[in-house]
Amino acid sequence: MLLERSNLGRKLKRGDFHTIGATPLIMRKRAVVALSEIWNTNGEILPLKEENGEELFVFNSQSIDALDESQSNIIRFPSSGRIMVIKQPVFIKEKLEGIDVFHLPNFPYITYVSQRFVDMVKENDLRGIDFIQAWQSSTG
């Protein structure tokens with residue numbers, strides 16, 4: 001697979017992640033090595049070449065049907081009732097025990113990560129990725 005990207009004439013900072021949008025996670029070897037424990041148990045790493053020949057990797061996350069539709073804030077298509085947008089997800093906690101990275105079956109373009117993943121990114125000073133808290137499990 002070949003990654004092509006345009007910087008529209010802007011100078012881009014070098015980061016460990018090259019993700020544009022929410023998914024897939026595209027990264028340099030430094031991120032692959034630093035988070036290898038997470039990658040190995042949550043999906044697969046595939047090689048990717050950038051147009052300048054630099055070696056990159058793409059992470060193919062696992063798909064888990066963990067959305068609690070009845071508790072989530074969802075907008076549906078009027079014609080079919082299918083989910084159009086998940087404004088505020090609520091997940092089934094038991095389905096995500098031990099999971100650090102995943103996407104929902106019908107929404108592969110949104111990658112969800114655990115607090116453990118966020119903490120490991122920060123501990124390893126990895127750059128080029130930001131996080132927005134989508135959900136917090138209730139304790140107890």
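The paragraphs below go through the cores, the salt bridges and part of the surface of this predicted model.

The interior comes first. In soluble globular proteins, nonpolar side chains tend to be buried together. Here the largest nonpolar core has 16 residues. Phe17, Leu25, Met27, Leu35, Trp39, Val101 and Phe117 have the most contacts inside it. At least two residues of this core come from each of strand E2 (25–27), helix H1 (29–34), helix H2 (36–42), E4 and helix H3 (115–123). The most is given by H3, with 3 residues. Leu35 shows how such contacts run: leaving aside neighbours within four places in sequence, Leu35 is in contact with Phe17, Phe117, Met120, Val121 and Leu126. Another core, of 13 residues, lies apart from the largest one and includes Ile74, Phe91, Phe102 and Tyr112.

Asp16 belongs to the loop between strand E1 (2–3) and E2, while Arg30 is in helix H1, so the pair ties together parts 14 residues apart in sequence. Asp16 is buried, at 9% relative accessible area, whereas Arg30, at 42%, counts as partly exposed.

A salt bridge also forms between Asp100 and Arg116, whose closest N and O atoms are 2.5 Å apart. This pair links distant parts of the chain, 16 residues apart: Asp100 is in the loop between E6 and strand E7 (101–104), and Arg116 is in helix H3. Asp100 is buried, with a relative accessible area of 6%, and Arg116 is partly exposed, at 32%. Through salt bridges that share partners, Glu37, Asp100 and Arg116 are joined into one network.

Glu69 and Arg76 form a salt bridge as well, with an N to O distance of 2.6 Å. Both partners are partly exposed: Glu69 has a relative accessible area of 41% and Arg76 one of 36%.

Ser72 lies in the loop between strand E4 (55–63) and strand E5 (73–76). With a relative accessible area of 10%, Ser72 is buried, because buried means under 20%. Not counting residues up to four places away in sequence, Ser72 touches Leu67, Gln88, Pro89 and Val90.

Nonpolar side chains also occur on the surface, where Ile75, Phe77, Met84 and Val85 form a patch with about 280 Å² of accessible area together. Of these, Phe77 is in the loop between E5 and strand E6 (83–88) and counts as partly exposed, at 32% relative accessibility.

Key:
Residues numbered from 1 in each chain as written. Predicted model: local features only at pLDDT ≥ 70, side-chain atom pairs only at ≥ 80, totals over all residues. Heavy atoms only, no water. Helix = DSSP H or I, 4+ residues; strand = E, 2+ residues; numbered from the N terminus. Buried < 20%, exposed > 50% of the residue type's maximum accessible area, 1.4 Å probe, protein only. Contact = heavy atoms within 4.5 Å. Patch = residues over 30% accessible without salt bridge, like charges linked within 9 Å, V, L, I, M, F, W, Y side chains within 5 Å. Areas by Shrake-Rupley, 256 points an atom, 1.4 Å probe, with all protein chains shown as cover. Salt bridge = Lys/Arg side-chain N within 4 Å of Asp/Glu carboxyl O. Core = buried A, V, L, I, M, F, W, Y, C linked by side-chain atoms within 4.5 Å.
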